[in-house]
Amino acid sequence: MAIVETEKKGEIAVIRMDNPPVNALGHALRVGLERAFAAANADAGIKAIVLTGTGKFFSAGADISEFKAEMKEPFLPQLIDRIEQGSKPVVAALNGTALGGGLELALGCHYRVASKDVRQLGLPEIKLGILPGAGGTQRLPRAIGVEPALQLITAGSFIDAQKAAAAGLVDKVVEQDLLPAAIAFAEQQAGKPPRRIGEKKIEPGTFAADAFHKAKMQIGRHPSGPLAAKAAIAAVEAATELPLAEGNQRERALFRELAASPYARALQYAFFAERQAANLPGIGGDTKLREVNTVGILGAGTMGTGIALAFLNGGFPVTIVETTQEALDKGVARIKDTLSANAKRGRITAAQAADRLAKLTPSLEMADLGPADLIIEAVFENMALKKEVFGKLDKIAKSGAIIATNTSTLDVDAIAAETKRPQDVVGLHFFSPANIMRLLEIVRAEKTAGDVMATAMAIAKRIGKVGVQAGVCDGFVGNRMLAAYGGEVQAMNLEGAMPQEIDGALEGWGMAMGPLAVSDLAGLDVGYRIRKERKLTGEAAQNARIPDKIVEMGRHGQKTGAGYYKYDENRKRMVDPEIEALIRGEAEALQIKQRPIPADEIVERSLLRLANEGAKILEEGIALRASDIDTMYLNGYGFPAWRGGPMWQVDNVIGVETAAQRIKAYEAKYGARWKIAPLLAKLAADGGTFAALDAKKK
Ligand code: T1G
Ligand code: NAD
């Protein structure tokens, strides 16, 4: 079937885009549109045109997969200009999502009518490190005003049909059948001169004189990096100073600058990497999923309550079980408080908060988890306890239920072996706070069934998480790399880099939060318990001396008001000379001559330890792809998306060969902890990259 079809309805031509899965405006679709509009405009019997999409999508915008190649004519901006300049009124019938170039196409049309069910209208290009490049920065402020346009474009957020109508972006919201309503709307416009947004002048008094200055001041640490937001603001500013054609030229110049930046390439890589992670070799997209409509959670502590919130927010009824009434009440109160806080902040309505709380069933009886389709265990990180509760869950859970553990480090095979149904056991490793963090590390144990993996991946999507597969080893993928990264940070601490210097260097480079501040947030006692359980020796024991001493001083981090830093009542962190003295004292005791460590070196050593451990994990098959590792670090460890991830950094910024040389230099200086991963050494020798390796696995 052609991807553009035209149907005549009396004097109205209905042009329909049909380019699954999301009507991305790739070359073929652009060609189809150009031909369809030319034919409709040339047809004397046609008085007006309706443009619409298919299924849930009007259009998700330009085809991102075309960005790497040379763009072919017709170019989208010019196609949209020609549609706007057409003599016959064009009505965009928004049947579903219209994003980026898709919304720009609708803005080039003369009128927009939307189905009441449309939820996603926006210009999210900034999330790809670029800006709207087909007239969006010029037409949107003309349609809805300067400040609302600035907000929508710099945040890359979506609005629904109702909000769009209130903002003036949509002329009519249709409660019933969209197409007949759009055709009727077009018939009313037939014969009248079209209303071209592009010709509208933005009058000075219609926006605050300091709107652009304010917008620049509000950028701060933008999740798309240092360039995109500034450029987007400049483009919208041009719309207030220049007529459309010149404004569009300014927009395109800024677009080209951004598109060439490594940050845009990193963000576009991250877009596809996230989607690739859902593809599991050997488990086809047609795998029959297990039915999961009810969820049971064992343990209502930090993670159990966060996980319960994630599922309640996803519309699931949840039963949560604890050992004591006190612990249960504490957990339920935390869930209640979070829901009402979200309602207060307008993230959800009060009705939604009440509805979600009504779906929560607290209990002290493990047997009440019996009816659940999915049970997630989140009790203390202790192997004996995990084995004990899995033995019990095996007897309680119904046949076909999925039994998952939220362990962050323990052997899932050993836990599964406590049941007679290891094929139904999987690791579902959430990240704290579990109702916020997007990453879900799905740990595939030796006997985990394919349909359990596929179901877990689908559940991740249903609760708004990014599911990524990991194999069983100590710390799986994310925490194993974190241990290597953390070990290097502790070594740099002893060598003379103070906590504020290490965190400052990595935050300056883009990390959401430095590693020592993160440990204070997560709780230093969690790591301490894990280290004591492991009985570290040698260099690992040496590097753990400082964090162990801090914990033994009763400083567990933010929760005790002090850890590596001191915290005021607003949890603002402050450097503590007592910790500096402790670190210098430890170094002296270990006869380590301290030196200032430059920020670049701190960043390089952190990145290379992460990537080197990542390479070991890849060659052991614990991670399926290098891009999965990057997706994990972007969604679970505060790694900046505009930096792509540790593996992407080695491929695209540091360079594989240079990385190998640097690692060997560090090994010569610091010894075994820097032993290069054989895979990385081989890639460097063969001129290979992690991306090429991933491509072979597709
Ligand atoms: N181009 C190419 N492929 C796309 C795509 C796009 N714009 N959008 C989605 N896909 C693919 C995706 O990779 C996946 O493929 C499948 O469609 C389903 O997507 C000039 C230059 C629309 C909200 O930023 O945000 O316009 O993995 O799994 O969860 O100004 O996709 O199945 O093989 O994400 O329902 C601006 C990007 C482009 C929107 C749907 N547009 N897309 O989410 O499904 S730049 C965007 C999304 C631009 C102009 C500029 C989401 C979605 P596969 P999915 P979903
Ligand atoms: P927590 O101490 O906050 O909560 C554990 C809860 O389990 C407690 O409330 C305890 O009363 C309850 N519990 C213990 N035995 C039980 C039993 N037999 N039946 C029912 N409830 C029982 O711990 P947490 O931080 O929520 O960690 C839970 C699990 O999640 C651990 O395996 C941990 O490694 C993992 N995890 C923690 C984090 C984190 O950042 N805290 C992140 C990911 C995974």
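1. In the protein chain, contacts with a separation of 6 or more come to 74% from residues 24 or more positions apart. The model is a predicted one, and the points below should be read with that in mind.

2. The protein chain holds 30 helices and 19 strands. Its radius of gyration is 28 Å, close to the 26 Å given by the globule rule for 698 residues, so the chain is as compact as a globular protein of that length. Along the principal axes, the C-alpha atoms fill a box of roughly 90 × 60 × 55 Å.

3. On burial, 55% of the 698 residues of the protein chain count as buried.

4. One element to look at in detail is an open sheet of 3 strands, in the order β4-β6-β8 and with parallel pairing. The edges are taken by β4 (57-59) and β8 (121-122); each has a single partner strand, so one side of each is left without a neighbour in the sheet.

5. Within this sheet, strand β6 (residues 97-99) pairs with β8 in the parallel sense, over 2 bridges. Ala98 has Leu121 in β8 as its bridge partner. Strands of a sheet pair through backbone hydrogen bonds, in either a parallel or an antiparallel manner.

6. The sheet also has a helix against it: α3 (residues 101-108) lies across β4, β6 and β8. Relative to β6, helix α3 runs at about 95 degrees.

How values were computed:
Residues numbered from 1 in each chain as written. Chains lettered and ligands numbered in written order. Predicted model: local features only at pLDDT ≥ 70, side-chain atom pairs only at ≥ 80, totals over all residues. Heavy atoms only, no water. Pairing = 2+ DSSP bridges. Helix = DSSP H or I, 4+ residues; strand = E, 2+ residues; numbered from the N terminus. Contact = heavy atoms within 4.5 Å. Axes fitted to C-alpha atoms, helices over the stretch in contact; angles between N-to-C directions. Rg over C-alpha atoms; globule rule 2.2 N^0.38 Å. Buried < 20%, exposed > 50% of the residue type's maximum accessible area, 1.4 Å probe, protein only.
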